[in-house]
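Visitor: Hi! Could you walk me through the sheets in this one?
Guide: Happy to, let's bring it up.

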Amino acid sequence: MSESITCPACGSADHADLFHTKDHLVTGKEFLIRKCNACGMGWTVDPPAESDAGAYYVSEEYISHTDRKQSISDYLYHIARGFMLRRKKRLVSSVTGKSTGALVDIGSGTGYFAAFLKQKGWQVTAIEISEAARKYSENQFGLKAIPPEGIKNLPSGSADCITFWHVLEHLYNPSEWMTETGRILSGNGKCIIALPNFTSADSEWFGKRWAALDVPRHLWHFTPEALRHFAGRNGFACEQVVPLPLDLFYISILSYRNQGSSLTLIRGLLTGAFLACRSLFRTEKASSLVYVLSKSPSGTWNPKA
Ligand SMILES: [Zn+2]
């Protein structure tokens, strides 16, 4: 998306340039972050055009990382992933009130979550833009993810749950995805959105060096308040906000690694533990948050289909 004149979450015209931050993963290029003074939403100014965005993703490296078990951090990553899969599944069941049902996972990546839910009896549709990631999930799990345009073919009102696990911040047209989500979701279905938290303790600690800025792949840097505005403007109501505790440690380690620090694992874990203690029980300070949305009866969503 090109530079917005008004805040993409709340529509306020009161915003300011915050700082420049670097793309540590691929290009080393710097990008400006702008912040809304009303809701705290941040956004990446002048990101690459959507048609060029693929060049900023290194999917091959990402995919090989998912199965590597060479170092202590790889080992911890695998334990954490198992823990998070079970936690995510419990959340889906608790918010939908269903032990099985129809779920659409948008941005399914290498397919771990979608395959896990399928294995637990859910009827899962996985949507993924990267062809390499789609191939991986098919080879690894027999899971046939579909490309993004396939969402148009999903029947209206057919899904009990639609999930965006760290995906919305990458999307060039997030409102269009929410419109499709509103169309596909059943009347009492739930939409689950996990996002890095721009007001988190680790965001404040690391500032422009916060790894979850991840420019220019992350176009939007949501705060809880910004997400509530965004949800409301797209016909949803935010019912619940749940912290994702482990992301703090991962992001802290990565933030030190990006700076070229030594002892990144130890420093990341210690800083994570320190920040976790300091912001204990303060949801709005958690590194990542999961938002549970329902279709708002008073919202702008219009069931055209
Ligand atoms: Zn705003």
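This is a predicted model: local features need pLDDT of at least 70, side-chain atom pairs count only at pLDDT 80 or more; totals for chains, interfaces and linings use all residues.

Visitor: Fine. In what order do the strands of the six-stranded sheet come?
Guide: The order is S5-S4-S6-S7-S10-S9, in an open sheet with mixed pairing.

Visitor: And which are the edge strands there?
Guide: Strand S5 (123-127) and strand S9 (236-244), each of which pairs on one side only. From one strand to the next, the twist averages 20 degrees.

Visitor: How many bridges join S9 to S10?
Guide: There are 8, and S9 runs antiparallel to strand S10 (residues 288-295). Val-242 stands opposite Val-290 in S10.

Visitor: What about helices, which strands does H5 touch?
Guide: Helix H5 (residues 174-184) packs on the sheet and touches S4, S6, S7, S9 and S10. Its direction makes about 145 degrees with that of strand S7 (185-196).

Visitor: And where does H3 lie?
Guide: Helix H3 (residues 112-119) lies across strand S4 (102-106), S5 and strand S6 (159-165). Relative to S5, H3 runs at about 170 degrees.

Visitor: Switching topic: is the pairing in the four-stranded sheet parallel or antiparallel?
Guide: Antiparallel; this open sheet has the order S1-S2-S3-S8.

Visitor: Why is one side of S1 and of S8 left without a neighbour in the sheet?
Guide: Strand S1 (15-22) and strand S8 (220-221) stand at the edges with a single partner strand each, so one side of each has no neighbour in the sheet.

Visitor: What joins S1 to S2?
Guide: 7 bridges do, with S1 antiparallel to strand S2 (residues 30-36). Thr-21, for instance, has Phe-31 in S2 as its bridge partner.

Methods: Residues are numbered from 1 along each chain as its sequence is written. Two strands pair if DSSP finds at least two bridges between them. Helices (H or I, at least four residues) and strands (E, at least two) are DSSP runs, numbered from the N terminus. Axes are lines fitted to C-alpha atoms, for helices over the stretch in contact, and angles run from 0 to 180 degrees between N-to-C directions. Two residues are in contact if their C-beta atoms, placed from the backbone, lie within 7 Å.
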